Amino acid sequence: MDYKAELIFLQRLLKNFHINTMIIGVTDKNLPEFDLGLRRMIYNETDYSWFFSLSSRPDASKTIFRIQDEYLCSYIYFQLPNAEKEPSHFVIGPYTNRDITKRILLSLAEKLSLSPKQFTQLNKYYSNIPLLTNEEPIFSLVTTFGEYLWGGLENFSVEYIDNRVSERVEPIASRPDFREPEEAFLSMQILEDRYAAENQLILAVSQGLIHKAEIAMSNNNFLLLEKRLTDPIRDIKNYCIILNTLLRKAAEQGSVHPLHIDSLSSRFARKIEQVTSPEGGQILQKEMIHKYCLLVKNHSMKGFSLLVQKVLTRIDSDLTADLSLNTQAKLLNVNASYLSTLFKKETGTTLTDYVNRKRIENAIFLLNSTNMQIQSIAQYCGISDVNYFTKIFKKYIGKTPKEYRSEIS
């Protein structure tokens with residue numbers, strides 16, 4: 001049967017969750033490192049044929065295996081049917097379904113008699129694989145795919161396999177063929193992947209693309225970074241500070257004026273210090289991504305000349321100021337006629353119309369979010385004459401401020 005499109009969709013979906021997938025031929029002699037190099041780091045070998053011994057079972061062709069190996073890594077594994085060629089293995093993982101703390105890793109290292117250098121590499125390894133505290137949504141996707149492959153839920157089975165470390169495991173460090181792992185074996189790849197994901201995040205935010213930025217963030221989850229301190233709250237705060245810095249630079253690349261960047265960055269700096277849990281830090285990270293993307297979408301000056309950028313920044317920074325054409329031109333030391341022509345050419349509207357629209361946008365915000373009197377709102381929008389404010393508001397919105405407020409009430 002043809003399931004290529006469905007398989008590609010499943011792979012792309014899992015990739016967005018930062019979950020590795022691999023298709024491996026049953027008869028492949030040199031199996032790829034589907035565990036991202038963990039066993040090579042521990043054992044100095046790349047023989048993973050043990051993992052696929054399940055395929056020799058009579059029922060293996062229609063069984064989805066959920067596996068937790070002896071290293072606390074989870075996988076989903078099943079065979080892909082192929083009428084023309086030999087079937088292939090489809091491997092999803094590795095991922096973990098719980099936070100692998102330093103205490104857990106030390107216990108595992110003790111059972112396996114790992115050396116201190118191996119433990120360091122092991123710690124780096126777990127900082128780079130995804131954490132799924134609830135893996136059921138992912139498995140639901142897999143079983144839906146299985147239902148399509150085999151024609152119904154009743155036509156395949158699911159088996160759970162838990163390979164815990166044996167209490168009588170042979171100490172790895174005592175083996176005659178034992179060698180300490182290369183210092184940069186996992187570190188270099190992890191750092192390269194992390195910096196690549198950071199660059200994707202910066203690019204997405206600099207373009208104001210919220211969805212793309214969220215995907216990039218999932219590929220570089222700051223909750224999965226190396227635990228540098230014994231205090232998990234301070235750890236997540238530090239990584240939020242790092243993220244705030246990255247997003248500042250992304251907004252700068254998106255041609256947002258430093259005035260706006262600094263305002264948002266300072267607001268998040270205060271919020272970061274109020275974080276009380278790793279989960280709260282994760283929620284704040286998502287908010288930061290969202291708000292910085294909106295900042296770029298609303299305040300990017302990409303494509304505008306330096307002169308027009310200065311005008312736009314002054315308008316955004318203080319709507320109560322004198323924003324008339326003559327005053328703006330005088331402050332910038334340019335001819336008013338030249339500034340008017342340049343502004344309309346680059347923005348598609350006159351300076352007066354642009355200022356009025358910004359003031360009415362602010363008026364709508366104040367009408368929706370406060371109980372301020374109409375006259376006060378007019379003043380907050382830079383219009384001292386309430387009658388003129390009412391006239392302008394009706395011109396753009398089609399009703400008076402009083403009528404607008406009455407409707408939303």
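Q: How many residues does helix H11 have, and what distance does H11 reach from its first C-alpha to its last?
A: In this predicted model, helix H11 covers residues 306-317, which makes 12 residues. At 1.5 Å a residue the expected reach is 16 Å, and the computed reach from the first C-alpha to the last is close to that, at 16 Å.

Q: Which helices do the buried residues of H11 pack against?
A: The buried residues of H11 include Leu307, Val308, Val311, Leu312 and Ile315, and Thr313 is buried as well. These buried residues pack against H9 and against three further elements, namely helix H12 (325-332), helix H13 (336-347) and helix H14 (351-369).

Q: Which residues have the most contacts inside the largest nonpolar core?
A: The largest nonpolar core has 28 residues. Two or more of its residues come from each of helix H6 (187-206), helix H7 (210-218), helix H8 (232-253), helix H9 (258-272) and helix H10 (278-299). Those with the most contacts inside this core are Leu201, Val205 and Tyr292.

Q: Which residues does leucine 201 touch, not counting residues up to four places away in sequence?
A: Leucine 201 is among the residues with the most contacts inside the largest nonpolar core. With residues up to four places away in sequence left out, leucine 201 touches Ala213, Ala216, Met217, Leu243 and Ile289.

Q: What is the centre to centre distance of the aromatic pair formed by phenylalanine 268 and tyrosine 292?
A: A search of the whole structure finds 11 aromatic pairs, and the one formed by phenylalanine 268 and tyrosine 292 is stacked, with 25° between the planes. This pair links distant parts of the chain, since phenylalanine 268 lies in helix H9 and tyrosine 292 in helix H10, 24 residues apart. The centre to centre distance is 6.0 Å.

Q: Why does tyrosine 292 count as buried?
A: A residue is buried when its relative accessible area is under 20%. Phenylalanine 268 counts as buried because its relative accessibility is 2%, and tyrosine 292 counts as buried because its relative accessibility is 0%.

Q: What is the angle between the planes of phenylalanine 343 and tyrosine 354?
A: Phenylalanine 343 in helix H13 and tyrosine 354 in helix H14 are 11 residues apart, and both are buried. Their rings form an edge-to-face pair, 5.6 Å centre to centre, and the angle between the planes is 75°.

Q: Which ring does arginine 66 lie over?
A: Arginine 66 lies over the face of an aromatic ring, at 4.0 Å from the ring centre. The ring belongs to phenylalanine 139.

Terms used: Residues are numbered from 1 along each chain as its sequence is written. This is a predicted model: local features need pLDDT of at least 70, side-chain atom pairs count only at pLDDT 80 or more; totals for chains, interfaces and linings use all residues. Side-chain values use heavy atoms; hydrogens and water are left out. A nonpolar core is a set of buried Ala, Val, Leu, Ile, Met, Phe, Trp, Tyr and Cys residues joined through side-chain atoms within 4.5 Å. Buried means under 20% relative accessible area, exposed over 50%, partly exposed in between (1.4 Å probe, protein chains only). Helices (H or I, at least four residues) and strands (E, at least two) are DSSP runs, numbered from the N terminus. Contact means heavy atoms within 4.5 Å. The expected span of a helix is 1.5 Å times one less than its number of residues. Rings of Phe, Tyr and Trp (its six-membered ring) pair if their centres lie within 6.5 Å; planes under 30 degrees apart count as stacked, over 60 as edge-to-face and the rest as tilted. A charge sits over a ring if NZ of Lys or CZ of Arg is within 6 Å of the ring centre and within 35 degrees of the ring normal.
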